[in-house]
Amino acid sequence: RYFTLGLSRLALCAGAHQCLTSWEARAKGLNNNDNNNYLTFRGGMYGYHSLATKATRDWNEMPPIMVSSVEEMQEFDHGATEKYGIPSILLMESAGLASFRHMVSRYNIKKNSRVLIFAGPGNNGGDGFVVARHALAAGADVRVVLLANPEKYKDDARVNYESVLKLGIEVTDALKMDSSESKERISSMIHWADVSVDAIFGVGLARDVGGRFAETISLMNESKRPIFALDIPSGVNGDTGHVMGVAVRADSTITYGVPKLGNMLFPGHQLCGELVSTRISFPPGHDESATATISRPSPNIKDRDPAGHKSTFGQALFVAGSKNYYGAPKLAALSFLKAGGGYSRLACPESIIPAISVTAGTLVYVPMPETGSGAISKDALGNILAATKKQHAVVVGPGLSLNDETRELVLSLLPKLSEKEIPTIIDGDA
């Protein structure tokens with residue numbers, strides 16, 4: 001259901017009418033109305049999985065996942081209304097209902113569960129009011145903390161705020177309390193709640209968070225209680241992922257339409273916790289003009305042979321290292337093995353091999369003659385060329401140093417590698 005990305009996870013879910021329509025329309029036989037349908041990454045493989053039927057479709061059948069800027073997302077919102085006649089209040093309802101459904105699944109919200117909504121200014125607060133209404137309908141004990149002047153709510157957010165009042169949901173206006181009273185009251189409510197919903201700021205935040213907002217976010221983070229963020233953790237810049245003064249550290253975040261750049265770039269991505277995206281009823285192809293896509297493994301990568309051995313998975317030679325630079329050659333040569341390579345050789349000055357081999361025993365070492373300063377000597381050219389036999393690639397440069405004699409070696413070596421048509425990566429000092 002989830003795939004690991006950086007330090008958190010992204011799952012793309014479809015719930016109720018929160019269907020992944022633009023992906024569904026281009027994938028064979030996917031049931032758009034199945035509440036158990038998910039777009040998934042499993043071990044780096046992108047695919048479609050139905051929890052109801054246990055059926056999984058290959059990720060090659062699925063189109064790329066788009067990632068948008070804040071401006072693009074605003075254009076998608078307006079376009080859905082202007083081009084397709086989807087009222088903005090329905091988009092807000094779609095966002096709020098999808099958020100509630102994920103909250104039920106993620107935090108096991110049920111009758112008598114305690115849900116606390118932090119509602120800020122603007123439409124993110126409006127999304128929070130929708131979540132509050134659905135949580136109440138499910139039998140949860142719901143409370144709302146206002147961090148904005150309610151008189152300033154407009155249009156869709158205003159409609160949903162007034163609905164919360166008419167439903168009798170307990171609303172606490174934090175702006176009417178002094179700072180010390182507000183801290184004490186809010187801290188008590190955070191510890192009362194099974195989950196706090198961050199509906200303070202959305203992706204359009206343009207200035208650093210301060211004042212009562214910063215105090216509240218700090219209380220939420222310090223409590224170490226579950227936090228569910230709507231669209232993006234409050235305080236994270238929607239375009240850069242940067243923290244604007246202070247930001248919510250969420251356990252889970254649901255983002256609307258498509259993930260925004262701020263959801264995917266660090267440190268914002270890490271602050272999202274588990275990241276989930278819902279379509280909010282955008283039609284097929286509506287987001288195809290977005291800035292970026294999430295890369296997927298090449299379909300040309302072959303399955304790993306379970307009966308394979310070190311020579312099956314490729315061999316590489318690293319010409320690297322010097323007396324003052326042990327780390328670069330070790331990390332480069334080990335990375336080849338960690339990425340799936342089978343046989344990694346390190347051609348480096350003989351004197352540094354004992355130090356590197358203590359923590360890199362899986363490498364094969366090719367001792368090289370060295371200069372008086374501990375760099376690879378130009379006399380090593382023949383040894384290096386002999387070591388290139390059967391190599392699928394050669395890497396030249398990590399930690400070689402800028403020694404004059406080593407410079408001569410590199411300038412002689414590279415044309416020889418070209419003549420032998422060995423794929424070569426020139427890195428670092430080379």
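Select strand 12 (residues 252-256): Ser252, Ile254 and Tyr256 point one way from the strand, Thr253 and Thr255 point the other way, and all are buried. Buried here means under 20% relative accessible area, with exposed over 50% and partly exposed in between (1.4 Å probe, protein chains only). Because 5 of the 5 residues of strand 12 are buried, the strand is largely enclosed by the rest of the structure. Helices (H or I, at least four residues) and strands (E, at least two) are DSSP runs, numbered from the N terminus.

This is a predicted model, in which local features need pLDDT of at least 70 and side-chain atom pairs count only at pLDDT 80 or more, while totals for chains, interfaces and linings use all residues. Residues are numbered from 1 along each chain as its sequence is written, and side-chain values use heavy atoms, with hydrogens and water left out.

Strand 11 (residues 227-230) runs parallel to strand 12 and is joined to it by 3 bridges; two strands pair if DSSP finds at least two bridges between them. Here Phe228 stands opposite Ser252. Strand 13 (residues 274-278) also pairs with strand 12 in the parallel sense, over 5 bridges, and Glu274 of strand 13 stands opposite Ser252.

Now select Thr216, which lies in helix 7 (residues 211-223). Thr216 is buried, with a relative accessible area of 1%. Which residues does Thr216 touch, not counting those up to four places away in sequence? They are Phe118, Leu147 and Ile186, where contact means heavy atoms within 4.5 Å.

Move to helix 4 (residues 123-137) and helix 5 (residues 155-166). Two packed helices are described by the angle between their axes and the distance between the axes. For helix 4 and helix 5 the angle is about 35° and the axes are 8 Å apart. Axes are lines fitted to C-alpha atoms, for helices over the stretch in contact, and angles run from 0 to 180 degrees between N-to-C directions. To inspect the contact, display Asn123, Gly126, Phe129, Val130, Ala132 and Arg133 of helix 4 together with Ala157, Asn160, Tyr161, Ser163 and Val164 of helix 5.

Since 12 of its 15 residues are buried, helix 4 is largely enclosed by the rest of the structure; among the buried residues are Asp127, Arg133 and His134. After helix 4 comes Gly139, whose phi is positive, near 95°.

Then display the open sheet of 5 strands, ordered 17-16-15-18-19 with parallel pairing. Its edge strands, strand 17 (364-368) and strand 19 (424-426), each pair on one side only. Neighbouring strands of this sheet are turned by 20° against each other on average, direction ignored. Strand 18 (residues 393-396) pairs with strand 19 over 3 bridges, and Val394 stands opposite Thr424.

Helix 10 (residues 327-338) lies across strand 15 (315-319) and strand 16 (343-349), running at about 170° to strand 16. Helix 13 (residues 404-419) lies across strand 15, strand 18 and strand 19, at about 165° to strand 18.

Finally, display the whole chain. Its secondary structure comes to 13 helices and 19 strands, and buried residues make up 52% of the 430 residues.
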